[in-house]
Amino acid sequence: MSWEREIFIKTPAEIALMREAGRINSLALAAVRELLQPGVTTADLNAAAEEVLRKHGAYSPFKNYGYPPYPASICVSINEELVHGIPGKRKLKEGDIVSVDCGTVLEGYVGDSAFTAGVGEISPLARKLIEVTEQALYVGIAMMRAGNRTGDVSAAIQQFVEAQGFHVTREYTGHGVGRSMHEGPQVPNYGTAGTGILLRPGMTIALEPMVLVGTHRTRVLADRWTVVSADGSLTAHFEHTVAVTEGDPLILTVP
Ligand code: MF3
Ligand code: CO
């Protein structure tokens with residue numbers, strides 16, 4: 001899958017609005033995280049996120065996105081499900097690892113963020129996978145400095161993840177984000193340093209390492225959304241919306 005959408009450089013005022021959308025998004029994700037325990041349904045998690053967004057006059061850009069229209073406000077992807085799992089009647093159980101991806105539209109600007117966490121006690125492998133995927137996000141964010149290129153970010157993520165013996169997805173990527181959930185540039189989780197789009201202050205990018213234990217290969221289930229590891233191995237996903245500045249990268253999807 002390859003596309004290149006337009007890149008929009010944001011003004012400081014726009015970044016302030018995106019920061020507020022990002023803040024609300026982090027509150028929705030925090031509400032979901034608090035519910036993660038055996039017996040809770042993935043629909044319950046979706047309802048909790050929707051409640052937080054609604055309370056703040058926001059909504060999720062995921063709802064009705066794409067084709068077939070995505071039917072929920074968050075994605076909940078369990079174990080071998082990498083991304084885009086659809087909330088429903090399924091109950092979480094002890095030992096599951098759950099990836100929750102949420103978007104927020106507030107005053108026309110989007111925040112997009114995800115985390116993976118365990119339900120009760122999880123295996124050492126699952127713990128390592130979650131740790132490595134979260135660290136990979138921060139390794140990538142550290143490279144999001146004006147003058148670097150998207151390939152520097154991609155290569156840093158790939159090298160970090162593969163050095164731990166895990167794999168990065170090829171089909172799904174990070175992306176510019178702003179008035180739309182998906183803008184340019186595309187930021188894959190694999191690549192070559194020194195290549196790609198030059199990063200400039202005012203770019204806002206959702207960076208999202210998606211990591212698989214067994215191989216990088218994925219397939220999509222019959223619901224046409226849920227992406228799983230082709231070999232059934234465990235997967236994890238972390239995401240933040242980040243602004244490139246004159247100085248340090250600014251993470252927007254935090255409290
Ligand atoms: N973080 C995901 C993305 O950037 C969320 C999209 S899920 C969808 O693509 F349902 F909206 F497609
Ligand atoms: Co995203």
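# Questions about a predicted model

Colleague: Let's start with Pro185: in which strand does it lie?
Modeller: This is a predicted model, where local features need pLDDT of at least 70, side-chain atom pairs count only at pLDDT 80 or more, and totals for chains, interfaces and linings use all residues. Residues are numbered from 1 along each chain as its sequence is written, chains are lettered from A and ligands numbered from 1 in the order in which they are written, and side-chain values use heavy atoms, leaving out hydrogens and water. Strands here are DSSP runs (E, at least two residues), helices are runs of H or I of at least four, and both are numbered from the N terminus. Pro185 lies in strand S7.

Colleague: What is omega for the cis peptide bond at Pro185?
Modeller: The bond in question joins Gly184 to Pro185, and it's cis. Its omega is about -5 degrees.

Colleague: Which proline is joined to Tyr67 by a cis peptide bond?
Modeller: Look in the loop between H2 and S1, where this proline lies. Omega of the bond is about -5 degrees, and the partner of Tyr67 is Pro68.

Colleague: Is Asn64 buried or exposed?
Modeller: Asn64 is found in the loop between H2 and S1, and its phi is near 70 degrees, a positive value in a residue other than glycine. Buried means under 20% relative accessible area, exposed over 50%, and partly exposed in between (1.4 Å probe, protein chains only). At 56% relative accessibility, Asn64 counts as exposed.

Colleague: And what is the relative accessible area of Glu107?
Modeller: Glu107 is found in the loop between strand S3 (97–106) and strand S4 (109–118). Its phi is positive, about 45 degrees, although it is not a glycine. Glu107 is exposed, with a relative accessible area of 61%.

Colleague: Is Glu81 buried or exposed?
Modeller: Glu81 has its place in strand S2 (residues 81–83). Leaving out residues up to four places away in sequence, it touches Val76, Arg90, Thr226, Val227, Val228 and Thr235, where contact means heavy atoms within 4.5 Å. With a relative accessible area of 11%, Glu81 is buried.

Colleague: Now the helices: how are H3 and H4 oriented?
Modeller: Axes are lines fitted to C-alpha atoms, for helices over the stretch in contact, and angles run from 0 to 180 degrees between N-to-C directions. Helix H3 (residues 124–142) packs against helix H4 (residues 150–163) at an angle of about 155 degrees, with axes 8 Å apart. That makes H3 and H4 roughly antiparallel (angles over 145 degrees).

Colleague: How many nonpolar residues does the contact of H3 with H4 have?
Modeller: H3 brings Val132, Gln135, Ala136, Val139 and Gly140, while H4 brings Val153, Ala156, Ile157, Phe160 and Val161. Ala, Val, Leu, Ile, Met, Phe, Trp, Tyr, Cys and Pro count as nonpolar, Asp, Glu, Lys and Arg as charged, and the others, Gly among them, as polar. With two polar and no charged residues, the number of nonpolar ones is eight.

Colleague: How many of the 14 residues of H4 are buried?
Modeller: Those buried include Thr150, Asp152 and Phe160. What covers the buried residues of H4 includes H3, strand S5 (167–168) and strand S7 (183–187). H4 is largely enclosed by the rest of the structure, because its buried residues number eleven.

Colleague: How far apart are the end C-alpha atoms of H4?
Modeller: The expected span of a helix is 1.5 Å times one less than its number of residues. For the 14 residues of H4 that should be 20 Å. The end C-alpha atoms agree, being apart by 20 Å.

Key:
Parallel < 35°, antiparallel > 145°, perpendicular 65-115°, else oblique.
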